[in-house]
Each structure stands twice: as structure tokens, then as C-alpha cells.
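Dear colleague,

I am handing over the structure below, and my notes on it follow directly after.

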Amino acid sequence: MVEMRSIWTENISLPQFKQLKGSRKTDVLIIGGGMAGILCAYFLKKAGVDYVLAEGGRICSGITKNTTAKITAQHGLIYRKLADRLGTERARMYLEANQDAVRKFARLGRKIDCDYEVRPAYVFSRDNRKKLEDEAEALRRIGFIPKVTDECELPFQTVGAVGFAEQGQFHPLKFVNGIVKGLKIYENTFVKELKKDRAVTETGEIQFERLIFATHFPIDNKHGMYFLKMYQDRSYVIALKNGPQMKGMYIDEAKGGMSFRNYEDCLLLGGGGHRTGEKGGNWEEIRNFARLYYPNLDEKCYWAAQDCMTLDGIPYIGRYSRSMPGCYVATGFNKWGMSSSMAAASILTDLILERENPYAPVFHPSRNMVKPQLFVNGGKAVKNLFTVSKKRCPHMGCALKWNKAEHSWDCPCHGSRFDGFGRLLDNPANGGMRK
């Protein structure tokens, strides 16, 4: 029987950490024990900073275990858009921040048993060569030489691909297993209330001087306007046994296209994505694709992930808001969570140590919000706030929609999800569903 689980959870056991009981003090509190939070803890420890990480459940039990674990600075065909909108200098900063993240993963990955492999990453097109040529030209203007190829290792015809050499792929939980030992982490330590200089949990409190929100979607609604600056997307993956071995990692430039990478003898196919709370192709779309192009391969397992999407395609990394001095955030990774987590940990460590980071300005969370997506987000929120429904999200009161594929109640406004019994599956809600 095919299991609904991430391939990364097979035969892996992460260390367990005790629950916080009572009170303690720290210079830096990190809330959230996914890849971003753990990397922040790792770098702060190396820098000699006093820190504590509080995770509401088990570390890496959310998005990190559901990633496709591609480590790349190639985030779709983004660089022409960045160069046109922000100029070549800011586009170069974004590229270099993510290339630096790839190099840091490579250095750590060589020391850790995490199945790290150097692979090129490609964005391909089935019918639009000009998009690829425009992206390659934008990259050259920025100062980066892309790999442009007419041949792809794919089971259908393409018009070529734009590639980045020496990117990476790995086993994310094995990687975490290699860096997490000795870190000051409290598990099952859910932060239920934030005060000016302390976080109140169910069994104690943590007094802090500075705070990092690494909770996927930020948990504070009062500042920063993140509930307007982001929405969430669902994406789906299946693992096919004995799949063809590809030399590279591939993703379609077209919306609704597929992604491809190998892990051991499996081919991981990703696709079927949609905005959380709306209809989409989900696993059925990928399975239909697999039946057409890989009819002789059996499915091993399947899973889904959820990603925070920003107004302009750039993560929010830096000071949480102007009205919250000493608070920082890492969010809105736009489906590129591995490189973005490393970039975030590097930038936030420098900010806390009051060191200049050359890449920080492009990710500043308080940048201009006036983008077309802002009005889309606002319109959907208003629509769902006034939709008649007994099932309401406790985050901001939006009407929930039933997700038939995953048997969950999903919020179209901000992406909170709940199981059939009303229990919380994904934030930003911090508790169960309203009846």
C-alpha cells in the first residue's frame, strides 16, 4: 500500500529535546524549529551568542520534512523580473545571497552524512524559448554565466533550459540530525502569548532581549502587516520507485508545470499546486502525468507541503517591523525554503551581532507593499470574511473551505489548515478551528 508520508521520514529518528518547565532568560529567543530556526540557532551558537529555540511540537515536523530538498539559487525565471523591477544591483544581491547559501550548505553537507550531492538546476520550457533567452541575458547582465542547453533529461519535448551549475540536493532530516546535537532547544514548548520582553508558554516563560520569528507564517498579527503581505500555496509530491536517474534537477517555467529530482532509486515528481483554500490539481494531476510518461513505475509514497508567498517573490528577512525593535523575522520563502533558510540564518545572525550584511537590504521586510498581489490578497480576505459558513478560522475569522484531496478545512485568506476534528495542521492560526 502506498503511504502518505514524506520520503525523508523513512528510517530517520531526530533527537528529542525536553519541554520548557519554569522560567529562564536568554539574549535571543528563536520561535520555530524548522530549517530556518535551527540554522539560526546553529550560527548563533558558533558566534557565542546566548540563545534558546522554542518549538511548539517536534523539530522539523512541519514544512521542513515535506520539502523536495533542492538547494539552489535558481528560483524559476526570477532574475529578469528582478533586474527589470529593482535594477541589476539588487538582482545581483538576491543571486549572491542565495549562491552564498548554496556554498554554505555544500561546506556543511560534505561534513555530514546527509546524502549531499552537487547537481545542476534547470528551468525548462516546453514552448517558449524566448523566456529562457531573456532570463539568460538578464543573468549575464547581472554578472552570472548560466548554462543554456537544448537537451533535457525529460520524457517529453522541450525547447531547452536555463541552468545553474554546482547547485545541490540532500536529505534534509539527515542534515538536521548532523547539526542539531548540542543546540539549546525546547520541544513541545508552544508560545501562547508574547509580551514586551517575554514569551509565555503552557508550562513556563522565556525572558529575552531579542526575538526571531521562524514560525513559517509569523504569529504576531499586530505589527508588520504580514497577513496582507503574504498568502500560502499547497504543492504536492509523489516518489516513483526505480525511476530514471537524472544528472540535474528540473522545474517547468510554466505555472502548473512539474518539477523533477532523484533521491536514491526514486524519482520525485512535484506539481499540482494551488493557493491554499482553493481548488487545484493535487496528487491526481501528478499521477495522471506519471501514468502518461512513466507507466511502468510504481509509487512509493506521497506528501504535500505549504509555502508562504510574498507580494514580490522575495522573502521577508530582517527586522519584524519598525514598531518592534529587537524582533526579527524569516518568512515568505516562495517555495525555495532551503536556500532561503540558509540566507535568512546568515542575515539574521549578522543583524543580531550588529555586523553589516551585504545582502540584507534586498530582503528588508518593511519594503514597499504597493504591489498588484496586495490587492488580490485584500480582496480574497474581504470576500471570505463575508462568506457565510459555520466553519471559521480562529486566525482572523475567514470562512474555511473543505479540501477533498487532503480531508482538511483550509483558510483561503492566510492558509491555516485544520483536520476534520478541528485540530490545527498549519499556522498562522495558533489554535483549533472555530465551530
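H1 passes H5 in a left-handed crossing, a term used when the near helix is turned anticlockwise from the far one by less than a right angle, clockwise being right-handed. Helix H1 (residues 35–46) and helix H5 (residues 172–179) pack at about 25°, their axes 11 Å apart, so that H1 is roughly parallel to H5 (angles under 35 degrees). Axes are lines fitted to C-alpha atoms over the stretch in contact, with angles from 0 to 180 degrees between N-to-C directions, and helices are DSSP runs of H or I of at least four residues, strands (E) of at least two, numbered from the N terminus. On the H1 side Met-35, Ile-38, Leu-39 and Tyr-42 meet Pro-172, Phe-175, Val-176 and Ile-179 of H5, contact meaning heavy atoms within 4.5 Å.

This is a predicted model, in which local features need pLDDT of at least 70 and side-chain atom pairs pLDDT 80 or more, whereas totals for chains, interfaces and linings use all residues. Residues are numbered from 1 along each chain as its sequence is written, and side-chain values use heavy atoms, without hydrogens and water.

The structure holds 1 disulfide (cysteine sulfur atoms within 2.5 Å), formed by Cys-398 and Cys-413 with their sulfur atoms 2.1 Å apart. The torsion about its S-S bond is about -100°, so the disulfide is left-handed. Both Cys-398 and Cys-413 are buried (under 20% relative accessible area, with a 1.4 Å probe and protein chains only). Cys-411 is in no disulfide, the nearest cysteine sulfur, that of Cys-393, being 4.2 Å away.

Best regards

Technical notes: Buried < 20%, exposed > 50% of the residue type's maximum accessible area, 1.4 Å probe, protein only. Parallel < 35°, antiparallel > 145°, perpendicular 65-115°, else oblique.
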